[in-house]
Amino acid sequence: SLVYANVATGFKAGGFFVAQPPNNTFRPETLTAYTFGAKNRFLDNKLQLNFEAFYWDYKDQQITFVGGVPTGSGVFAQGSITVNAGKSHIYGAEFEARFAPSRNDLFNLNVQYLKGKYDSLVTANFSPTGAPVTTGCRTLGSRAANPGINNARFYDIDCSGKPTVNSPEWAINVGYERTFELTGDLDFIAGARANIESSRFMNSNYRPEEKQDGFVMADAFVTLRSQAGWSVTGFVNNLTDEEVLARAGTRPILDFPVGTLRPPRTYGV
């Protein structure tokens, strides 16, 4: 058994986005991470049980959204910008188990509970026509972006208290594989695994189209393996052909949500 605890700090570098300087830069994002856990093996190494609890504290967190980009003529236009919009925290726990009751059987289980929240997240979203910005957050008010030139407006959007992006509250991975000894140097292995995750938002605008509902995704495989070093595997990933978002965002100028999907049912050898 090993019991451990640590405190670590880190950062994501600052940078710039496409706009006229000097208002086109953002500061580094910093993180302080607190971790406590234990790693254990029992029953003559047949059973492995690991546990970890964590708390992550972000400051000056970098957020990308559709805002107003200053141009060379002094007029604001719509574009994708990154700002240090606020701070957030994430905490949770993870449990991992591996059990091999015999040399031919292996069970795997990983369960993670995650809770994340933006303590402060206020952005100035840009509307080129002046129409209200579509958002799942609270609109504090609006103001003219280019007075006397066009109808464009800034809308101050407050998403404070919202869950952190791409943070499912529950994530469970479970798997099993069985080895069949065909001959002295040839094995046949069959296995399956499943990934279960609860819902999460994929973008800090919190539009309903940018939310991934909870899902279950399963894979299966069979392998013929030789002690001489060669093997052949047949696999099917995403057996039930689930449609799952890998990411989502809002398209600047046209102002509609877009998403990228994870692979559909995929099989091969």
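Q: Leaving aside neighbours within four places in sequence, which residues is Asp 158 in contact with?
A: In this predicted model, Asp 158 is in contact with Leu 121, Val 122, Cys 137, Arg 138 and Leu 140, once neighbours within four places in sequence are set aside.

Q: And which strand does Asp 158 lie in?
A: Strand β10, which covers residues 153-158.

Q: Buried or exposed, that Asp 158?
A: Buried: the relative accessible area of Asp 158 is 14%, and the cut-off for buried is under 20%.

Q: What does the side chain of Asp 158 make a polar contact with?
A: The side chain of Ser 160, at 2.8 Å.

Q: OK, on to Cys 159. Where does that one lie?
A: Cys 159 is in the loop between β10 and β11, the latter being 170-181.

Q: Is Cys 159 buried or exposed, then?
A: Cys 159 counts as buried, because its relative accessibility is 3%.

Q: What does Cys 159 touch, not counting residues up to four places away in sequence?
A: Tyr 118, Leu 121, Cys 137, Ser 204 and Tyr 206.

Q: Switching to voids. How many cavities of 30 Å³ or more are there?
A: The count comes to one cavity of 30 Å³ or more. The largest cavity holds about 50 Å³ of space.

Q: Which residues line the largest cavity?
A: Ile 63, Phe 65, Leu 121, Thr 123, Asn 125, Ile 157, Cys 159, Ser 204 and Asn 205. β5 and β8 are the elements that give two or more residues to that lining.

Q: How does the lining of the largest cavity split by class?
A: Five nonpolar, four polar and no charged residues.

Q: Now the pockets. What volume does the largest pocket have?
A: About 400 Å³. The largest pocket is lined by 22 residues, and Tyr 58, Gln 61, Ile 90, Tyr 118 and Val 165 lie nearest its centre.

Q: Which element gives the largest share of the lining of the largest pocket?
A: β5, with eight residues. Each of β4 (29-42), β5 (47-70), β6 (76-102) and β7 (105-118) supplies at least two residues of the lining of the largest pocket.

Q: How many charged residues are in the lining of the largest pocket?
A: Three, alongside eight nonpolar and eleven polar residues.

Q: And the second largest pocket, what's its volume?
A: About 280 Å³ for the second largest pocket. Its lining has 23 residues, with Phe 65, Val 66, Asn 205, Thr 250 and Asp 255 nearest the centre.

Q: Which elements each supply at least two residues of the lining of the second largest pocket?
A: β5, β6, β8 (122-127) and β17 (245-251). By class, the lining of the second largest pocket divides into ten nonpolar, twelve polar and one charged.

Q: Zooming out, how many helices and strands are in the protein?
A: Zero helices and 19 strands. The radius of gyration is 24 Å, well over the 18 Å that the globule rule gives for 269 residues, so the protein is more spread out than a compact globule.

Q: What box do the C-alpha atoms fill?
A: Roughly 85 × 40 × 30 Å along the principal axes.

How values were computed:
Residues numbered from 1 in each chain as written. Predicted model: local features only at pLDDT ≥ 70, side-chain atom pairs only at ≥ 80, totals over all residues. Heavy atoms only, no water. 1 Å grid on protein atoms, 1.4 Å probe; cavity = no way out; pocket = protein on both sides within 12 Å on 5 of 7 lines; lining within 4 Å. Points joined across faces, edges and corners; volume = space filled by probe spheres on them. Helix = DSSP H or I, 4+ residues; strand = E, 2+ residues; numbered from the N terminus. Nonpolar A, V, L, I, M, F, W, Y, C, P; charged D, E, K, R; others polar. Buried < 20%, exposed > 50% of the residue type's maximum accessible area, 1.4 Å probe, protein only. Polar contact = N/O pair within 3.5 Å; in protein donor to acceptor, adjacent residues only side chain to side chain. Contact = heavy atoms within 4.5 Å. Rg over C-alpha atoms; globule rule 2.2 N^0.38 Å.
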